[in-house]
Amino acid sequence: MMNQITKISSLIVLLLSVSPAIYSQADPEIEKIKANESMYWGDACSQNDNESTSNAIDQLLSKIAINVQSEFTSKVSESITDNEGKYKEEVEGIVKTYSSASLKNLRTKKEPRDCGIYVFKYIEKSEVNKIFDTRKQLVKDIFDKASSYEDDNRFASALKYYYYSLILLNSIPEQRLEHKGFNLYLESSDRISNIMSSSTFEVIADELITDKEREISLAVYVNGKKAETLDISYWDGNNQISTKSQDGTAIINLYGSSTQFKSLRINVKYDFYENRTEIKEVGDLWNLVQKPPFNGYTKTVNLDEPVKEKKEDIKLEPVSENITLNSFLEEFNMEEEEEELLALDIEQLKEVVPNHLISLQDYFNKNVKHEPWQEDEFLNRKLSNMERYNKLSISKNSSKADINNTFEGWEFRQLSSTAAYTSVNMQSKEYLIPDFDSTGAVVDINFGIMDGMYEEFKNASKYGEDWDKRQIMIKFVEKYRTAYMTRDLSQLGTMFAEEAVIITGRVLRVDEGSSNDFAYEQNEPQQPSVEYLRQTKGEFLDRQKMLFDTKPDIHLGFSSFKINRKNNQEGVYGISMRQSYTSTDYSDEGYLFLLIDFNDDEPKIYVRAWQPQEWSDDALVEIGNFKVNF
């Protein structure tokens with residue numbers, strides 16, 4: 001019996017001594033590859049397969065970084081010629097911003113070992129230059145995007161993408177990148193310099209609203225062209241304040257002692273730090289590479305003595321387009337309007353509207369305590385929330401002054417105003433669009449879209465003879481944005497269908513056999529397949545409530561706006577918008593897509609897809625991706 005136990009014990013000892021050797025023994029082929037000087041390789045072992053793979057790729061990229069580090073002397077984030085270790089570390093960080101997908105012909109060997117899952121990654125050195133090809137193409141695509149924005153006079157977006165292309169260029173070893181006859185290292189930089197140096201600002205109005213508030217309106221040009229968009233900043237005596245030029249004008253509000261300024265120093269924004277993660281590679285590289293400064297382009301705007309606010313009423317000729325709010329208001333008799341319950345025609349309406357506009361102006365500029373609409377609970381609450389969350393100041397210099405007939409009554413387009421968001425040191429030019437019923441009473445007021453967008457849709461409607469439908473869509477989107485800006489969950493809730501689906505991500509994938517009334521079709525093979533967050537209407541509204549309750553400031557802006565009709569479904573439209581989101585501790589930019597059914601009296605949103613940090617048109621959710629079965 002003792003001999004049997006001894007034999008069994010000896011067998012166990014033998015097995016224990018052999019097993020580690022089985023799983024630890026080096027693969028002769030792997031050792032041969034490691035010894036081959038024409039190969040880069042990396043290996044790692046852990047209990048987690050993904051961790052082993054990630055670490056092996058990191059090791060391989062580190063070896064590539066050593067080989068190319070001499071090409072990055074002028075591209076790392078700081079001058080560190082006296083710190084070789086720091087220099088190598090930063091170059092390694094740059095190279096590691098390349099994903100494994102960039103490594104063409106990367107091969108893998110994998111096996112179980114006593115340490116866990118052993119992963120060996122290797123690639124021929126001759127293939128290494130190909131890892132930079134994807135990055136080069138990304139730079140070219142972003143440059144082209146910037147160029148198209150510049151052609152459209154949307155200089156804010158043009159500057160952002162030109163600058164991002166420079167960030168990405170500093171992650172490529174070569175000193176030249178040719179594209180369409182340009183060396184992009186030089187061309188992107190030259191275009192940024194040209195936009196900034198050719199930016200001009202002309203004072204078109206300067207009024208002292210009160211002893212403590214001054215409003216300055218500026219005409220904004222780049223290379224002599226009206227700047228549809230240009231982001232600028234100025235010093236107000238305490239902070240650097242950001243504001244946005246839209247439709248060729250910017251409104252600047254000064255408070256307190258700054259109302260006595262004799263000049264204004266204006267800087268054009270070009271780096272867009274807060275949006276850097278919009279393109280993942282740019283965000284990854286931000287602290288690793290040189291970020292070229294564009295200094296010396298500060299513009300000084302001389303200010304004369306502000307004009308004091310005029311109180312008297314003046315009678316002028318009937319209303320016309322493209323005039324100031326002051327002149328619009330002064331064209332009419334400002335006597336008290338008589339109560340009128342009958343429907344008004346356009347001429348009668350022109351007699352009524354100015355008094356309402358003065359009341360709105362006085363309300364937001366805090367000149368009066370009593371408002372004629374305070375008995376209207378809906379309107380009173382909305383105006384209160386507009387003021388509470390956006391700190392509005394109404395300008396007396398509007399770019400337009402039109403009374404338009406709408407499907408529900410009338411609108412005045414538009415009241416120019418400035419919204420202020422103190423926690424992010426930002427001001428924003430806004431248009432307010434009051435709506436009137438057939439008797440001339442104010443029934444609603446919303447934030448409007450940019451003039452350029454509005455006129456573009458109006459002109460496009462001439463071909464399809466569908467302005468009535470487009471106007472409904474524009475006003476729907478304006479109400480949608482206003483609900484966000486006023487944090488009106490109730491209004492948001494009424495705009496979504498009960499079965500609506502809300503998606504955050506690039507691609508919606510609906511399982512086969514879905515019971516929804518629509519399905520997603522991935523028609524474009526180049527669209528990436530990525531994770532997304534899918535919510536119900538209730539989950540979406542709960543999320544918005546949490547944000548509304550915790551953020552002191554929230555601003556939502558649209559810089560582009562496209563309408564597409566679903567060809568096989570009458571009344572179903574897709575609306576795509578380039579959206580910027582700024583809150584107290586977070587900023588983002590991306591594309592918002594809404595699938596809306598306009599067949600009923602009350603339009604309903606059936607799909608809301610928010611694609612943050614997305615810039616490529618090829619990756620966007622669009623109406624062609626949906627099969628609708630309403």
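**Before you click**

This is a predicted model, in which local features need pLDDT of at least 70 and side-chain atom pairs count only at pLDDT 80 or more, while totals for chains, interfaces and linings use all residues. Residues are numbered from 1 along each chain as its sequence is written, and side-chain values use heavy atoms, with hydrogens and water left out.

**Whole chain**

Start with everything in cartoon view: the chain has 15 helices and 28 strands. Those are DSSP runs numbered from the N terminus, helices being H or I with at least four residues and strands E with at least two. Of the 630 residues, 53% are buried, meaning under 20% relative accessible area with a 1.4 Å probe, protein chains only (exposed is over 50%, partly exposed in between). Among contacts (heavy atoms within 4.5 Å) with a separation of 6 or more, 66% are between residues 24 or more positions apart.

**Stop 1: L103**

Select L103, in the loop between α4 (84-95) and β2 (107-113). L103 counts as buried because its relative accessibility is 5%. Now show what L103 touches: I57, L60, L61, I64, I123 and I131, leaving aside residues up to four places away in sequence. I57 sits 46 residues from L103 in sequence, and their C-alpha atoms are 9.6 Å apart.

**Stop 2: helix α7**

Next, select residues 184-197, which form α7. This 14-residue helix reaches 19 Å from first C-alpha to last, close to the expected 20 Å; the expected span is 1.5 Å times one less than the number of residues. Colour its buried residues: L184, Y185, E187, S188, R191, I192, S193, I195 and M196.

**Stop 3: α12 against α13**

Move on to α12 (451-464) and α13 (467-485), whose axes come within 9 Å and cross at roughly 155°. Axes are lines fitted to C-alpha atoms, for helices over the stretch in contact, and angles run from 0 to 180 degrees between N-to-C directions. That angle makes α12 roughly antiparallel to α13, a label for angles over 145 degrees.

Which residues in α12 and α13 meet? Show Y454, F457, K458, A460 and S461 on α12, and W467, R470 and I474 on α13. By class, that contact has five nonpolar, one polar and two charged residues (Ala, Val, Leu, Ile, Met, Phe, Trp, Tyr, Cys and Pro count as nonpolar, Asp, Glu, Lys and Arg as charged, the others, Gly among them, as polar).

Stay on α13: 14 of its 19 residues are buried, so α13 is largely enclosed by the rest of the structure.

Technical notes:
Parallel < 35°, antiparallel > 145°, perpendicular 65-115°, else oblique.
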